Every structure is written in C-alpha cells, then in structure tokens.
Amino acid sequence: MKEVFTGSFTQQEPIPETAIDAALAVMRSGRLHRYNTVPGEAGEVALLEQEFAAWTGARYCLAVASGGYAIATALRALGVGPGDRVLTNAFTLAPVPGAIASVGAVPVFVGVTEGLTIDLDDLAAKADQADVLLLSHMRGHICDMDALMAICDALGLKVIEDCAHTMGAFWGDVPSGRHGIAACYSTQTYKHMNSGEGGLLISDDADVMARAVMLSGSYMLFDRHLAGPPPEAFADLKYQTPNISGRMDNLRAAILRPQLRDIETQVARWNTRYRVVEDGLRDTPGLTLIHRPQQEAFVGSSIQFLLLDWSANRIADLLAACAARGVELKWFGGAEPSGFTSRYDSWRYAPSAPMPDTDRILRAIIDMRLPLTFSEADCALIARIIRDEVLALTA
Ligand SMILES: *Cc1c(COP(=O)(O)O)cnc(C)c1O
C-alpha cells in the first residue's frame, strides 16, 4: 500500500486567542480607522509600527494595506515614475513586477542562480539601465548581501528589499530588510504573520518615509505616527505628495501585534519542518536541493528543489503522481501561468529578452509550502512520497 498524505497545503494555523481578544476590543470600540483615536490613545496601527520598527531595528515603519502596496509606495517615494526602468528578479511572484507597473515604470528582469538568488553578474551587466533595484528575496533565498550591496553602492543603485518571504530572516547578523534604503513585508495569509491582507514598510531615511506616510493617506495627521519621521520632514512634502490611500486599519494591526511577539517561536517551528523535508529528500538521484549559505538564517516556510534538465512531461508526471498521494507541488517552469506561479515571460506587459541560463533553472524549480499545521511526522511522510515518486520516474 502506498502511503498517502491527507493534510492541506493551504491551511494556516488559527489566529491566536490573544489576537482574537485584541480584535474584539477594537470592534467593540468602533474605532477601526487608524486615525480614529481618543485623547491619550495611540491606536493599534501606530503601536504595531513602533513594535515592528523596534524588532527590525529600523528607524521608521509604516503599516499599509498590502505588501504590493508597500512596494509601490517605496518606489514612488524614491521618485520612480512613468517610463523609468527598475531592475528586479526574474524569479519572483507577480505582485513584484506588478508594483513596478503600477507606477508606470518598466521591470528589467535579472537572472536567477541555482541557489535561487539574483545573479550578481547579470545584475552588474544590467545595472546601467536603472537607478533602483527591487530585490525580491523570493521564497526566502537571500543572496550574498555584502556582495550585492558592494555592487549596488559602486554603481549608484538604490535597493528596495521585498521581504515577503524573509520576515524574521537574517544575512549574517543583519535582519533581512536592513541592507537597502527601504524594505517591504506582507502580512497576507500565506506569509509569516497573518492578517488576511496587509503590508509593512521600513526605512531609516526620513525623506523617503515622510513621502511614504503622505502617499499612504495620512492627511495632515502624520504626527500621530509613533514610528514616523519628525514633523520637519513633512514641511514641504505635505504640499507636494499625493494621497493614494492604502492605510492599514486597527483591526488588522490588533491581530498582528500578538503574532509579532511570537514570531521567533514560529520561525523555529518552520525551520524544524524544513529540515525534516530537506533531510528526507537528501541524496535523491535527479533531485537537487538548494544550498543554503551559512550566513543565511532563513525562514523555512516553504521549500524548493530543482529537477534540472527534466522534460516538461516527466515533471508533469511527477506532479500528478505526488498529487495522487496528497502532495501538492508547484512548478515555476510551466509555460502557462497557474495558481500563484508565473514566469517572467508570462508577464507580457513587461517585455524581456530571453535568458537561457535562467530559463533552465526556472523550468526546474519545484516549490512546496510548509504550513505550521503540518507536524514533523507529516513532513517526513511528504518527503518519503516525493522521494518515492522521483525514484520511480528516474529508475
Ligand atoms: C506575497 C508577495 C508580495 C506581496 O504581497 P501582497 O501582500 O499579497 O501584496 C510581494 N512579493 C512576494 C515575493 C510575495 O510572495
């Protein structure tokens, strides 16, 4: 009898009871809008911003409606506008090129390595085409940040980090999101904290953050931000910056604050699950695990492996065989975009020259979520199923 996995790859843990209580308190108050506070009250959003800034070590933090909104706001705050080109990863998810397109700018895709990080040689070769790099730490893989920043500093590229998959990760002893001029996080259900939708933007740059606060829809209430720049930073900007409303509300912030207090525990739980799957897949012929550099303290909320030079048909057979046994694998290499996955050449609003080395890797990437609702035994079972089916197809 073949083993079958019966769990759900899309089922996250419930919202903690403390967060539910905090949400109920906000609802009972009726004050859901971040600026609807009574004298002496800070508001959940302002407190979340203060706590997230403290946790990441950033000077400033702004909570917004989504991760994609945070990225678009960071781009606008850096002055990126219609017709500008923005460098970004070829291996990422649709909200990243989408955020670039939302400000009228044009993505220039940079290739991916076998480590699933940005190809630094390709970056250096394309650097003269743009002033900004939107660096996506896709699926939590962090490139050599010291090497990347050396290239970007030397060439005058400003870096915005997309930390949707690296909230809680580090490169060396620097938290992910603390290398560039600004960093963006998502609190959408499938990320590391869950408020359904939501985003966070951090920066040490008072001018960038003052613009972001105004853009997000602060009206002239920016002095209510506990983790915003001082009033002087708004002196001219408040007349010049359009309001493109995308605020976070107190209800979501109330749900997030208790989750932030628990995040390090959650990171450890993800990594335990990741290591179980990784160990179970090790030394499977035909399957390449992703090397994780020693300086990279990642968050294993998903795992990837490569099926290098497998034909599309054989990959499709593997996915079907695993699916029949309850294991949902995603393939980034599919010619047609499907579910959450799509490829740089399927974003047809952003034309790109083919990148053969990158295409070979994208065609090989298999991706799997590791929700915390999986037990370690579940993870071991999942790895056994994948290994079995890979062996059956490569025998
Ligand atoms: C989820 C995600 C985003 C944006 O998040 P939303 O909150 O859904 O807008 C950005 N980048 C990556 C890589 C993501 O996975």
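Hi everyone. Let me start with a term: a salt bridge is a side-chain nitrogen of Lys or Arg within 4 Å of a carboxyl oxygen of Asp or Glu. Keep that in mind as we look at this predicted model.

The protein chain comes in two parts, domain 1 (17–261) and domain 2 (263–394), with their centres 27 Å apart. Where they meet, 38 residues of domain 1 contact 33 residues of domain 2. Together the two domains bury about 3000 Å², with 65% of that on carbon and sulfur atoms.

How many salt bridges are there between domain 1 and domain 2? The count is 2. Please find D367 and R139 on the screen: they form a salt bridge, and their closest N and O atoms are 2.8 Å apart. On the domain 1 side, elements giving two or more residues include α4 (95–102) and α9 (250–261). By class, that side has 21 nonpolar, 11 polar and 6 charged residues.

Now for the whole structure, which holds 22 salt bridges. Take E49 and R34, paired at 2.7 Å, N to O. E49 sits in helix α2 and R34 in the loop between α1 and α2, so this pair ties together parts 15 residues apart in sequence. Both residues are buried.

Next come R257 and E44, at 2.9 Å. R257 is in helix α9 and E44 in helix α2, so here the linked parts are 213 residues apart in sequence.

Last, R325 and D388 meet at 3.1 Å. R325 counts as buried at 5% relative accessibility, while D388, at 40%, counts as partly exposed. Salt bridges with shared partners join K2, R325, D388 and E389 into one network.

Terms used: Residues are numbered from 1 along each chain as its sequence is written. This is a predicted model: local features need pLDDT of at least 70, side-chain atom pairs count only at pLDDT 80 or more; totals for chains, interfaces and linings use all residues. Side-chain values use heavy atoms; hydrogens and water are left out. Domain bounds come from an automatic or database domain assignment. Contact means heavy atoms within 4.5 Å. Buried area is the accessible area (1.4 Å probe) that two parts lose on being put together, summed over both. Helices (H or I, at least four residues) and strands (E, at least two) are DSSP runs, numbered from the N terminus. Ala, Val, Leu, Ile, Met, Phe, Trp, Tyr, Cys and Pro count as nonpolar, Asp, Glu, Lys and Arg as charged, and the others, Gly among them, as polar. Buried means under 20% relative accessible area, exposed over 50%, partly exposed in between (1.4 Å probe, protein chains only).
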